[in-house]
Amino acid sequence: MSVNQQAHTGPPYGQPQPGYQGYQQPAYGGQSLPGVPRSQYGAYNGPMPEYQQPVPPQGYFPSLGFPSKGSPVSLNSDSSSLAPNFIGSLRAPPTSGAPPPASGASHPSGHLAYSQFEHGDVQNGIPASAAPMQRPPASQPFLPGSGSTPVSQPSAFQQYGPPPASVQQLSNHMAGMTIGTATASAPPPAGLGYGPPTSVPPVSGSFSPPGSGLYTPYSATQGPPPTSVPQGLPVAQPPFPGQTVSTQRLPTQVPGFAPPPPSTGVGPSSYPPTTGAPRPPAMPGPPLPGQTLAGPPSSQPNHVTSPPPPAALAGLHPGPPMSGLHGPPPPTHPPQPGYQMQQNGSFGQVRGPQPNYGGAYPGTPNYGSPPGPPPPPKRLDPDSIPSPIQVIEDDRSNRGSEPFVTGARGQVPPLVTTNFLVKDQGNASPRYIRCTSYNIPCTSDMAKQSQVPLAAVIKPLATLPPEETLPYLVDHGESGPVRCNRCKAYMCPFMQFIEGGRRFQCCFCSCVTEVPPHYFQHLDHTGKRVDFYDRPELSLGSYEFLATVDYCKNNKFPSPPAFIFMIDVSYNAVKSGLVRLICEELKSLLDYLPREGNMEESAIRVGFVTYNKVLHFYNVKSSLAQPQMMVVSDVADMFVPLLDGFLVNVNESRTVITSLLDQIPEMFADTRETETVFAPVIQAGLEALKAAECAGKLFIFHTSLPIAEAPGKLKNRDDRKLINTDKEKTLFQPQTSFYNNLAKDCVAQGCCVDLFLFPNQYLDVATLGVVPYQTGGSIYKYAYFQLETDQDRFLNDLRRDVQKEVGFDAVMRVRTSTGIRATDFFGAFYMSNTTDVEMAGLDCDKTITVEFKHDDKLSEDSGALLQCALLYTSCAGQRRLRIHNLSLNCCTQLADLYRNCETDTLINYLAKYAYRGVLSSPVKTVRDALINQCAQILACYRKNCASPSSAGQLILPECMKLLPVYLNCVLKSDVLQPGPEVTTDDRAYIRQLVTSMDVAETNVFFYPRLLPLTKADVDSDSLPAAIRNSEERLSKGDIYLLENGLNIFVWVGVSVQQGLIQNLFGVSSFGQISNTLSALPVLENPFSKKVRSIVDMLQGQRSRYMKLIIVKQEDKLEMLFKHFLVEDKSLSGGASYVDFLCHMHKEIRQLLS
Amino acid sequence: MATYLEFIQQNEERDGVRFSWNVWPSSRLEATRMVVPLACLLTPLKERLDLPPVQYEPVLCSRPTCKAVLNPLCQVDYRAKLWACNFCFQRNPFPPAYAGISEVNQPAELMPQFSTIEYIVQRGPQTPLIFLYVVDTCLEEEDLQALKESLQMSLSLLPASALVGLITFGRMVQVHELSCEGISKSYVFRGTKDLTAKQIQDMLGLSRPAVSMQQGRPLQTPEQPPISSRFLQPVHKIDMNLTDLLGELQRDPWPVTQGKRPLRSTGVALSIAVGLLEGTFPNTGARIMLFTGGPPTQGPGMVVGDELKTPIRSWHDIEKDNARFMKKATKHYETLANRTAANGHCIDIYACALDQTGLLEMKCCANLTGGHMVMGDSFNTSLFRQTFQRVFNKGYNGEFRMAFGANLDVKTSRELKIAGAIGPCISLNAKGPCVSENELGIGGTSQWKICSLDPSTTLAIYFEVVNQHNAPIPQGSRGAVQFVTQYQHSSTEKRIRVTTIARNWADAQTQLQHIEAAFDQEAAAVLMARLGVYRAESEEGPDVLRWLDRQLIRLCQKFGQYNKDDPNSFRLSESFSLYPQFMFHLRRSPFLQVFNNSPDESSYYRHHFARQDLTQSLIMIQPILYAYSFHGPPEPVLLDSSSILPDRILLMDTFFQIVIYLGETIAQWQKAGYQDMPEYENFKHLLQAPLDDGQEILQTRFPMPRYIHTEHGGSQARFLLSKVNPSQTHNNLYAWGQESGAPILTDDVSLQVFMDHLKKLAVSSAS
């Protein structure tokens, strides 16, 4: 598959070139340098240099190739044994030490290299990546070298640039290139090495410099990975190189390569040249520099000794021959094919790029050159490691076309990134429930051994696409839903009817219960009830029951809920125009209150409060000519001053409400009150709902830290000095327990709080957020709110928040088969006991993650069942029970567990777990625990499921091959590793936000979607193919869009064609693009329309309106943008993907040994 | 004797003063033997058509402890331009402005006819009058509507410059902001939480600091009005607004479940009203007018819980110490009343409900501040409407019959000391040489504050003769008392009224008949009654009655003429002849008898008794009964059951009630419709006559009396029957065997029995 796709992408290559050029210079320069200086990873940098020495890559390269041979074989076996992927396991020929492999490798490498080269890029890339590992030894000298090189390089680069075609490929190339270059930073060698890549030797010479220039930065970034290495260096070094070489390069490359050719057939031929060309340059570049810097001597020898380079060169030159060459390699490595298969699973991505590369690249010459350079690469080739994009694309194409039918037990649903239809045939849709694993270990020992958390991510009120039907509402009459006598589970498809239908046996606890007479029905010959298909609760996974009065608070049917809008009217809010904005918006928004099904008007009543240091309630009774304001200054002892006339029906009181909303901005236009209260505001809302005896939601629009004398008064306790100390956790904890108690009261009344914050400075989100968080509400934050730029975002959020489907006064309980039980819960809710999740309000975006633990054994036969029952009050005041059922398999083999996992869900759980951890433990502890757990998961797999192989190989289960990259994203997130520009409030905000996210949201939040806009097909509805989040993948001639669910960045390269700029921004040059734009201008041209439609589509997919930020390459804002290129080393010290992978590998090995 | 009657009447008309004794016993010993203390009823602002105020400051005695005002009794040395204070004998020079005085050119205050004189003085800025309405919204729709109308109407009666404010309360208390346009604003307070004045002002945004921060220092004064102006606005500016606001007043929206009383936060509402004025307009004339339709049921000052099944406290409960909220509530209102009085404001209570409203607990608010207390059945009655309207009545000169913030200073000559005062006032704690150690009423001071008073407000002031028996007073010298009343006139002017009176001393041993002849039995009855009622507030009813009886017996012993142990020989002189009868009716009056009255009613009656002038007080003690018949012109008849005859129409005025009672025959005639027949027009006139007379009384009295029109056998006839002397009862009906009069079903003793006992006891040698 992957190959095919890649082939497709091939064509686009042509374009990339420009991008390439642009990319190299700017991107690299920018990033790399900064990267170097800072760093927790500083240690890494050290190693880097060393690395370079080994760089002599050239020589090495071959060696790499060599190991690769070996590795492939082993890989094959591994892969064959298990579906799991094989990342590029790093083999350890290393033990022998770098040198040996190099020498030894040289020979084979020739071939291998060659073959690789055919794949060209791939190999290069891989070697490059590997190279870094080895290079670490080289040392600081490297940097200077790199500095010098840049100058010369540019020219070479440009030449180089042209060859690559498609953007994507380019980016890939870039990655490869960068790596290579980085390592190559040393000019001289680079030049040499590079030469080849550029296509023609001479060219390469010139070329190398540019590459190195670009690279240098990169190397810096790469630096980090070495850190991990460095420790081990003395001893480890050998292994490292070995590993890198064997596993990554060979396996990946080889497999990747091999497959493409065979599969595509045509592809191969084209490949060699193309691929070879692009990558080689990059790769070679790096090595060269490295060599120069590190230890020319050492490296050189390798180089020299290694025959491959020459061979490669030779081979390269002959473009056509390449193909020929290509051919050979496969034969040489018979095992490879098989290998590939496995790899495909794991490495598919890697291949993808490679083939593309090849295709795109015309340059046999390149190819030739690459060989030279490729050897030097020591780093892991980013293209060779599991690519989220690839996995997503694969899943999309594999599973997106057919509906997902939920009938069978333990089916793993398609990824959240895949569009698919769900047919409910007895299990809840994955839109409602997703599990970390659909195969649960039968025993707790097994579960403990694997360390795979068993968790379900439940979104009880999830919105369904229009094609899917909403859960049916079942009315069982006065006696209420039929339930098991013992465990009180609700009637569901898994209940067994026995004795001719007179009784049923509970599928959860096995207790036998009489069927109530009115519910009796005969069974057919299969033991199914005759009315099986007539009753949703017998045939569907999700449905609703109408609750009886027994399910209501105080045994009274609830009144329709109320919405209370509470607007801060202190100086800041008024001055910024916020108050006026809100009031204007509410006038029309009130027509769109949620309503039940086909009701004509919403049953929800509304009320209004404004406040600063005191609260103002409004009487908007319909009989009044004018609204009446009631001021409550007794904030110490809040109460509601009126009952009748405060909560009203919108239509009845429309004129009064309109009049009120017109007057509020006027009344406070001259206010000078800057202090605000907060807790009393919530209390007021709570009291109002109490008085009206209904549930409801408060929409609070708040601007500042509540310092006015009142309960819940806060002080500014922001202290950045606490970061990275044991006291850091206090920043996430509320200042006072007052709000916890308040939240408890709110939940008891069904008072949900949605908080819109407009801070200009610290306002202690951690404390203010307690009530919204525990009541199931949402927090929205608009820092430095400015009317012009933020109004759309805020209004869209507000509209959505007001309109979205929501339930009130909800209690959720998850019942499970005997053997496991729900033990832990994550999300925005309150729990007064250990089993019931209580939420004052629950909307369609709120998600609860539930963790299960064994308390007994499960049986493979009966599997494990989950039943999530949510009791809530609908927006029309109807009391209902929503039931979701899910059946899972149970397994006695660990392999089954690993085969049925879902990484996205796992990450959702892990992130929430970690984010809760920061409340009680130092952040570092939390991070280490995360890494450790994942290492254990993977080590367990390696130990128990993967076929025996060299310890140097990193073998990942197919389902979890993205675990490292995603985990790294979690570790690098603002909460766990804040950059200097991240405020305490931001962290607290994100922490709470993530806790309620569903899988799709966490997925894109941690691994943002990066779309090359310039690649978009203006004539189709489709999105351009996403690319990986790395700066290497960006081309300065292109425009990209990056979204993570909170922000949308539009990144504009410096050399984007003027035409595109004109079309998109309506200005004539790059320099004129304003980066204060909050929306793209509406221009009548296909490109603009397409881009805007993409943006709109993305906005539509997210529960929050994302902030649009225009980022110009090399602009200040780019720092912010780069923060989201999560595969790169982050400014705040987060490891790059490659480095982290190495680190994980090391951890795993430690566990295994 | 006629001369004394005239003298008394003349004095009353000129000075508004009536003394129990018009010739004073010259020694302490003698004075105590007189039984009835030397005391006077003072009506400080008695309307004097013939008294134009003078436009200058009074001249004061320069002795710091004296400061008496120059008056006609002072010795003046016209040549030396000196005057001698007749109280402390200090010689004072006249101020420069008096340089031109001489025997023929005397300032008014030296002329004998100006024993009472009023000065208008210019002091400080004039602040407009303030009317703060505190309105209960826990009313029936009809009541609330009527109340709203009354309030709206009242706006037109207020002086245009007066400031008005509005506070409404029910479960919550709302202070309405009147300055804003568009949205009507109000500040809301929880009805269960008592707040300090500081808190209230903070919450209303009236605190000084906040204000001064916003303004420059020099602008302090200009900024002042705006602060409070949010809640208190000149009538002429906002009467439209306020009319609308009142029109939109809703009933308290909080649901009242079956079997519950509405939650009414009267205590907090008052507290906020007091706090509001305290912070904004201390020491200026202001009326807090509380309109309430039921008992306070929550928060500080609650009188009863909201459970209807627990009835509001009765006298029985109080005696049994079963009124669990009473003490706390009383304390709350007392605190408030004292604060209000200290600020010179007054609280009116208009309570209209069929059940009690907690007047017992709240009475001090009106009593201590001089406010009105009005009790009715509903706001939708003419009783309330007219009474309320009458608050804003204007006097003969077009001025409101109300004055504020009066400060009454009493000075006496050396032989006298001041024992105390009883009336709508509080002590200012002005100790001085003329203050007696023995207290009668509110004592221990020579100055009282009367926060609100009208021309009929009357205080009883008690004196003590301190001259020792062995230090005879020089022949011909007179004792003098000076009353200096400084007050804010309704026109907001500051005025000072000075009344100086003098009476002759007499040696009781040698000149007893003079003293006896100068006894003012009406004043004495009222003065004694006030003492009795004052005591009844704090003592058990029977104790008070016993005390009164003993006093009466002692008086009779002292001044009666009799032979020992011979009741039949007992005679009282004319100046004492009515006194026992007053006492008889006083004993039966609702002021001392709580039977058949609720605590609220008792408080209400006592409130009015303690402030009305002598005439009204006497009516309260002994109602007047007029008879209308074909036998002659209307005539006053004895308040006796024998006066109830079939062919008479009776008109009884008890001050609180006007009862028109048709005798049996008259009632039958009326039923037969004779009055509609032209030939019986005289009957029609007869029927009409009492009505007209009744109306006349109704028109002038404040508060408007309950008007009762009944007939023989009517249920309402009880009002009459309970008042008349039960000379004929079921016990003696047949004994008397006459047709005249109607038997009263009571075990009460009749006047006759009472008198017999009195005589017996008076002449008894045992006592």
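How many salt bridges does the structure hold over all chains? Please then examine closely the contact between chain A and chain B.

Analyst: This is a predicted model, in which local features need pLDDT of at least 70 and side-chain atom pairs count only at pLDDT 80 or more, while totals for chains, interfaces and linings use all residues. Residues are numbered from 1 along each chain as its sequence is written, chains are lettered from A and ligands numbered from 1 in the order in which they are written, and side-chain values rest on heavy atoms, with hydrogens and water left out.

Over all chains, the structure holds 82 salt bridges, each being a side-chain nitrogen of Lys or Arg within 4 Å of a carboxyl oxygen of Asp or Glu. Between chain A and chain B, the count is 3. One salt bridge joins the side chains of B:Arg190 and A:Asp637, at 3.4 Å from N to O. Side chains of opposite charge can pair when their charged atoms come close. The interface also has 11 residue pairs in polar contact, both residues at pLDDT 80 or more; such a contact is a pair of N or O atoms within 3.5 Å, where, within protein, one atom must be able to donate a hydrogen and the other to accept it, and residues adjacent in sequence count only if both atoms are side-chain atoms.

In the contact (heavy atoms within 4.5 Å), chain A takes part with 28 residues and chain B with 22 residues. The two chains bury about 2,100 Å² between them, 55% of it on carbon and sulfur atoms; buried area is the accessible area (1.4 Å probe) lost when two parts are put together, summed over both. Of the area that chain A buries against chain B, A:Met629, A:Val631 and A:Phe639 supply 23%, more than any other three residues.

Secondary structure is taken from DSSP runs, numbered from the N terminus: helices are H or I of at least four residues, and strands are E of at least two. Strand 15 (628–632) of chain A pairs with strand 11 (residues 184–190) of chain B in the parallel sense, over 5 bridges; strands pair if DSSP finds at least two bridges between them. Within this pairing, A:Met629 has B:Lys185 of strand 11 as its bridge partner.
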